[in-house]
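Here is a short briefing for a reader meeting this protein for the first time. Start with its charged side chains, then step back to the whole.

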Amino acid sequence: FISWLNNEDVPAHRVRIRTDNHIKDNERALKVLAECLKNEGYNLSTVSIHDINDKMVGEIYSYLETKNFANRTFNKTIGHYTSFLKWYSEEYNVNIRNWFSRIKRKRLNPNPEAITQSEYEALLKQITPENGIKENKQWVKPTRNMYRPWLADGFKLALQTGRRREEVINLKWDAIKESEGIRYIEVEDYKTNRIQNRIAENEKKIICIPITDSLDTLLHELGYDERINTDSFILAPNVKISRGKVMSNVLSRGFTHFYGQLNTGKNLTFKCLRKTYITKLQIY
């Protein structure tokens with residue numbers, strides 16, 4: 001299954017774009033599955049996919065509950081198992097019931113709220129090393145510091161561009177263009193391109209973000225005059241961590257951590273910055 005996800009020996013017309021993070025997520029999900037079955041007394045050397053039934057899925061469900069996954073992570077894990085059985089059924093042309101499709105997904109927040117100006121300003125002030133300490137006895141390291149010196153800039157860029165995490169952290173200075181006196185930033189719509197399997201460069205969907213006065217001010221604060229037309233990243237160019245899942249998670253988890261300290265009674269996530277941008281566009 002993992003080889004198929006990596007497009008190994010896959011016919012050309014079935015090749016699909018998948019990120020390394022997506023494939024690693026599948027690997028982790030399958031390892032959790034094996035871990036669960038082993039704990040339940042199944043012999044991993046003899047148990048077959050055809051042995052999966054409602055009872056086994058119930059045991060897997062209960063085991064995942066003990067992991068205390070966030071709702072989104074729980075749903076993604078079940079989704080990986082569903083995709084695995086679907087692949088197996090099609091690849092080996094066997095009629096096998098997809099038991100995992102019967103698991104009810106956990107509730108997410110499909111309609112994120114916009115963040116108010118006062119909340120946004122309070123959030124930026126809250127981002128300090130002292131406020132970054134987070135404790136959780138279930139972690140291997142029970143204390144973590146969620147603070148990063150570039151977090152506030154990341155939130156500002158997200159609000160001013162309305163783009164998703166992956167797109168914000170991969171914005172580059174040489175993507176700033178000008179046409180007929182209008183300046184804008186070109187950014188790839190990663191999500192759409194993956195869903196629609198747009199592999200060729202001339203097929204990829206590119207979003208043009210207009211550079212407003214407020215975005216222009218932010219860009220100058222981030223080094224516009226020194227770095228314009230260079231291949232360096234706009235956000236935290238000197239940071240060496242992966243600009244995939246690692247940096248994306250730091251952004252979203254950092255937002256949740258610091259916003260939660262405001263005690264507004266609202267459950268806002270990083271997505272609210274995109275929601276705010278889109279809402280403003282509709283108003284204007």
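A network of salt bridges links Arg-163, Arg-164, Glu-167, Asp-189 and Lys-205 in this predicted model. Arg-164 pairs with Asp-189, with their closest N and O atoms 3.2 Å apart. Arg-164 lies in the loop between α6 and α7, and Asp-189 in the loop between β4 and α8, so the pair ties together parts 25 residues apart in sequence.

- Asp-189 is buried, at 3% relative accessible area.
- Arg-164 is partly exposed, at 25%.

**Other salt bridges**
- The whole structure holds 18 salt bridges.
- Glu-119 and Lys-266 form one of them, at 3.1 Å from N to O.
- Glu-119 sits in helix α5 and Lys-266 in the loop between α11 and α12, so this bridge ties together parts 147 residues apart in sequence.
- Glu-119 is buried at 11% relative accessibility, whereas Lys-266 is partly exposed at 27%.
- Lys-204 and Glu-188 also form a salt bridge, their closest N and O atoms being 3.9 Å apart.
- Lys-204 is in the loop between α8 and β5, and Glu-188 is in strand β4, 16 residues away.

**Cysteines**
- The search for disulfides finds zero in the whole structure.
- Cys-36 is buried, at 1% relative accessibility.
- Cys-208 is partly exposed, at 45%.

**The whole protein**
- The protein has twelve helices and five strands.
- Of its 284 residues, 37% are buried.
- The C-alpha trace spans about 65 × 45 × 35 Å along its principal axes.
- The mean positions of its 46 positive and 35 negative charges lie 6 Å apart.

Notes:
Residues are numbered from 1 along each chain as its sequence is written. This is a predicted model: local features need pLDDT of at least 70, side-chain atom pairs count only at pLDDT 80 or more; totals for chains, interfaces and linings use all residues. Side-chain values use heavy atoms; hydrogens and water are left out. Helices (H or I, at least four residues) and strands (E, at least two) are DSSP runs, numbered from the N terminus. Buried means under 20% relative accessible area, exposed over 50%, partly exposed in between (1.4 Å probe, protein chains only). Lys and Arg count as positive and Asp and Glu as negative; His and the chain ends are not counted. The place of a charge is taken as NZ of Lys, CZ of Arg, CG of Asp or CD of Glu. A disulfide is a pair of cysteine sulfur atoms within 2.5 Å. A salt bridge is a side-chain nitrogen of Lys or Arg within 4 Å of a carboxyl oxygen of Asp or Glu.
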